[in-house]
Amino acid sequence: MRIRVGVDELQAAGFPMGGEPLVALDLADTLMTVTEPATDLIGTPEASAAWWALQSGSLPPGPVPDAAAVRRLRAAVRDVLDSHLEGRPARPTSVDDINAAAAAAPVSPRLVVTVDGSRGEERWHTEHGGNAALAAIAAEAIGLLADNERLGLLRRCANPACSMLFLAENKRRKWCTSNICGNRARVARHYGRTRTDGVGGT
């Protein structure tokens with residue numbers, strides 16, 4: 001059974017977002033596209049190691065993927081998700097990169113028999129050099145994009161200074177994180193009200 005990392009754990013480690021039901025979304029959100037240049041939240045070896053360690057409970061076991069391969073898949077996933085939200089076609093290379101990552105380490109069911117009984121497991125085929133974590137993330141992206149109902153829940157944070165994506169499983173959700181972007185919006189609304197009240201009272 002896989003264990004999803006929570007947003008509290010990610011924020012405690014210095015990541016301002018995450019904890020989405022899909023690692024593919026968490027990975028896409030490690031690139032803040034609203035800054036110039038874009039901010040890579042896993043751009044250092046230390047940040048990358050911390051992020052992959054936090055996500056390990058949601059991914060098949062194996063080595064941390066190569067940084068260049070991670071950046072390539074992240075760019076592809078981000079492009080296909082952004083293209084959906086923006087009503088434009090995804091770049092063909094993005095689709096190719098996601099399919100290639102998924103195919104590089106296919107998975108098959110495997111029966112394991114022990115003295116306590118039998119159980120099914122997944123076997124990730126990395127014999128030819130594929131990375132199971134990247135393959136699993138690519139498979140998540142494919143599953144999301146192929147599920148129109150779930151894809152309809154995809155949102156970009158309502159904060160114009162934020163680029164984070166999330167699945168609005170609660171239809172009222174507007175912010176990537178309630179304690180960062182949601183709180184900033186509440187503070188801004190409060191400031192606007194008090195400023196208007198002050199102006200009206202003079």
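Contact here means heavy atoms within 4.5 Å, and helices (H or I, at least four residues) and strands (E, at least two) are DSSP runs numbered from the N terminus. The model is predicted, so local features need pLDDT of at least 70 and side-chain atom pairs count only at pLDDT 80 or more, whereas totals for chains, interfaces and linings use all residues. Residues are numbered from 1 along each chain as its sequence is written, and side-chain values use heavy atoms, with hydrogens and water left out.

Two packed helices are described by the angle between their axes and the distance between the axes. Axes are lines fitted to C-alpha atoms, for helices over the stretch in contact, and angles run from 0 to 180 degrees between N-to-C directions. Helix α4 (residues 67–86) and helix α5 (residues 92–104) have axes that come within 8 Å and cross at roughly 125 degrees. This makes α4 oblique to α5; angles under 35 degrees count as roughly parallel, over 145 as roughly antiparallel, 65 to 115 as roughly perpendicular and the rest as oblique. The crossing of α4 past α5 is left-handed, that is, the near helix is turned anticlockwise from the far one by less than a right angle. On the α4 side, R72, L73, A76, V77, D79 and V80 meet S94, V95, D97, I98 and A101 of α5.

The axes of α5 and helix α6 (residues 132–145) come within 7 Å and cross at roughly 130 degrees, which makes α5 oblique to α6. This crossing, too, is left-handed. Its contact joins I98, N99, A101 and A102 of α5 to L134, A135, A138, A139 and I142 of α6.

The largest nonpolar core has 48 residues, and W51, W52, L73, V77, L81 and I137 have the most contacts inside it. Such a core is a set of buried Ala, Val, Leu, Ile, Met, Phe, Trp, Tyr and Cys residues joined through side-chain atoms within 4.5 Å, where buried means under 20% relative accessible area (1.4 Å probe, protein chains only). At least two residues come from each of α2 (23–28), α3 (45–55), α4, α5, α6 and β6 (165–167), and α6 gives the most, with nine. Not counting residues up to four places away in sequence, V77 touches A24, A28, I98 and A141.

L153 lies in the loop between α7 (148–151) and β5 (154–156). This residue counts as buried because its relative accessibility is 17%. Beyond its neighbours within four places in sequence, L153 is in contact with F166, L167, A168, E169 and K171. L153 and A168 are 15 residues apart in sequence, but 5.0 Å apart in space, C-alpha to C-alpha.

Technical notes: Buried means under 20% relative accessible area, exposed over 50%, partly exposed in between (1.4 Å probe, protein chains only).
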